[in-house]
Amino acid sequence: MEACHSPQQSNVTSYGATAVAIISLEAFAGMWINAFLVCVLCIAWVKKKALNSNEKILLLLGCSRFCSLCISWTYSFLSIIYPNYLYVHTVLQLAVFFQSFFNHCNLWFSACLCGFYCIKIANFRNRFFIYLKVKIDRIVPWLFLGSGILALAIGILAYDIAAKPHCNNRNSTAQGNFWRTNIKMDKHFFPSFFLVGFGYAASFMAVISSAVFLLFSLWRHKRKMQTNSMKNLNVEAHIRAMKSILSFLVMYSINFVCLVLEMVYVTRSGSHMTFLIVVFQYTFLGVHSLILIFSNPKLEKTLLRILPLERSVKFKVCMS
């Protein structure tokens, strides 16, 4: 394999070292959170010998996020510290392919989770919606297959894009655009970028639609139950799901803006903006998984059991 840039490696500046430290901290925290999610669900799978549809989506979402964080951190680390090992023709293409594949798996599995919450919890009398509610457990595997195929297609596009720039259009200085190749864009890149942007927009619209339908269902159900002073389990289920989806909706909206900005700044040398975008994306992959854990009583109980938090609470109760 032949490197596409000068063999002289740039010295790592304090700016690059700080970026590596921040990215590493966020990446390893996110990997730990998603690894915990995957391990707990795998243990439950072994014990029960089966998982429900919600757990299957959470399992694949955790796996995709863990892999995405691993590959993204490796990409960022090598591009800053050891660019000579990354900016080699085949290595760069494979890195971009796997990074794009797992990023889009994460996006579509997230959209599947929101859609699942909406169909499973919301109440509508529409025949098509009732059909989806009955068949959702059979539909989920097909959603997984469709998400994987779409992510694979985007990964192939990214691989093709990474293969087309010429060597003299790349720059990997530590002070410059250090985790993105500074690529001079050609006209033939924009159809590919349009398809990638369409994938972002489609998953984003799926999340928004799910949140709006679930919110409307909650509002209508609460209006019907106004005369009933007793606590209704259906309303509580709506509220729990809405907290999870609305928190995700806010973060997903910011993440969507970051993804669009990333497509814009990949053509520029705006390293500071790129750094902020990457920092939020690492934060999103960890924080939202943490929200999902705390919105699930079983996962929350398991997490608190292995953390010193529960022990300290019990100690304070015993001392009081």
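Lysine 49 is exposed, with a relative accessible area of 72%; here exposed means over 50% relative accessible area, buried means under 20%, and partly exposed lies in between, for a 1.4 Å probe and protein chains only. Lysine 49 sits in the loop between H1 and helix H2 (53–81). Its phi is near 60 degrees, a positive value in a residue other than glycine.

The model is predicted: local features need pLDDT of at least 70, side-chain atom pairs count only at pLDDT 80 or more, and totals for chains, interfaces and linings use all residues. Residues are numbered from 1 along each chain as its sequence is written, and side-chain values use heavy atoms, with hydrogens and water left out.

**Overall organisation**

The chain contains ten helices and zero strands, where helices (H or I, at least four residues) and strands (E, at least two) are DSSP runs numbered from the N terminus. Along the sequence the pattern is α-α-α-α-α-α-α-α-α-α. Of the 320 residues in the chain, 46% are buried. Among contacts (heavy atoms within 4.5 Å) with a separation of 6 or more, 80% come from residues 24 or more positions apart.

**Nonpolar cores**

A nonpolar core is a set of buried Ala, Val, Leu, Ile, Met, Phe, Trp, Tyr and Cys residues joined through side-chain atoms within 4.5 Å. The largest has 33 residues, and Leu113 and Ile293 have the most contacts inside it. Two or more residues of this core come from each of H1, H2, H4, helix H5 (127–163), helix H8 (271–294) and H9. H4 gives the most, with nine residues. Apart from neighbours within four places in sequence, isoleucine 293 is in contact with Ile33, Phe36, Leu37, Leu299, Glu300 and Leu303. A second, separate core of 32 residues includes Ile80, Phe204, Met251 and Val279. In soluble globular proteins, nonpolar side chains tend to be buried together.

**Packing of H1 and H9**

Two packed helices are described by the angle between their axes and the distance between the axes. Helix H1 (residues 14–48) and helix H9 (residues 297–306) pack at about 115 degrees, with axes 11 Å apart. These axes are lines fitted to C-alpha atoms, for helices over the stretch in contact, and angles run from 0 to 180 degrees between N-to-C directions. The crossing of H1 and H9 is right-handed; a crossing has this hand if the near helix is turned clockwise from the far one by less than a right angle, and is left-handed if anticlockwise. H1 contributes Trp32, Phe36, Leu37 and Val40 to the contact, and H9 contributes Leu299, Thr302, Leu303 and Ile306. By class, the contact of H1 with H9 has seven nonpolar, one polar and no charged residues. In this classification Ala, Val, Leu, Ile, Met, Phe, Trp, Tyr, Cys and Pro count as nonpolar, Asp, Glu, Lys and Arg as charged, and the others, Gly among them, as polar.

**Salt bridges**

The structure holds two salt bridges, each defined as a side-chain nitrogen of Lys or Arg within 4 Å of a carboxyl oxygen of Asp or Glu.

| Pair | N to O distance |
|---|---|
| Lysine 48 and glutamate 55 | 3.3 Å |
| Lysine 120 and aspartate 137 | 3.8 Å |

Aspartate 137 in helix H5 and lysine 120 in helix H4 are 17 residues apart, and the pair links distant parts of the chain. Aspartate 137 is partly exposed at 41% relative accessible area, and lysine 120 is partly exposed at 39%. In the other pair, lysine 48 is partly exposed at 44% relative accessibility, whereas glutamate 55 counts as buried because its relative accessibility is 11%.

Asparagine 54 lies in helix H2 and counts as buried at 15% relative accessibility. Its contacts, leaving aside neighbours within four places in sequence, are Leu113, Phe116, Tyr117 and Asn296. The C-alpha atoms of asparagine 54 and tyrosine 117 are separated by 8.3 Å, although these residues are 63 residues apart along the chain.

Glutamine 93 belongs to helix H4 (residues 89–121) and is buried, at 4% relative accessibility. With neighbours within four places in sequence left aside, glutamine 93 is in contact with Tyr159, Ala162 and Ala163.

Serine 203 is found in helix H6 (residues 189–224) and is buried, at 0% relative accessibility. Not counting residues up to four places away in sequence, serine 203 touches Leu107, Trp108, Ala111 and Tyr252.
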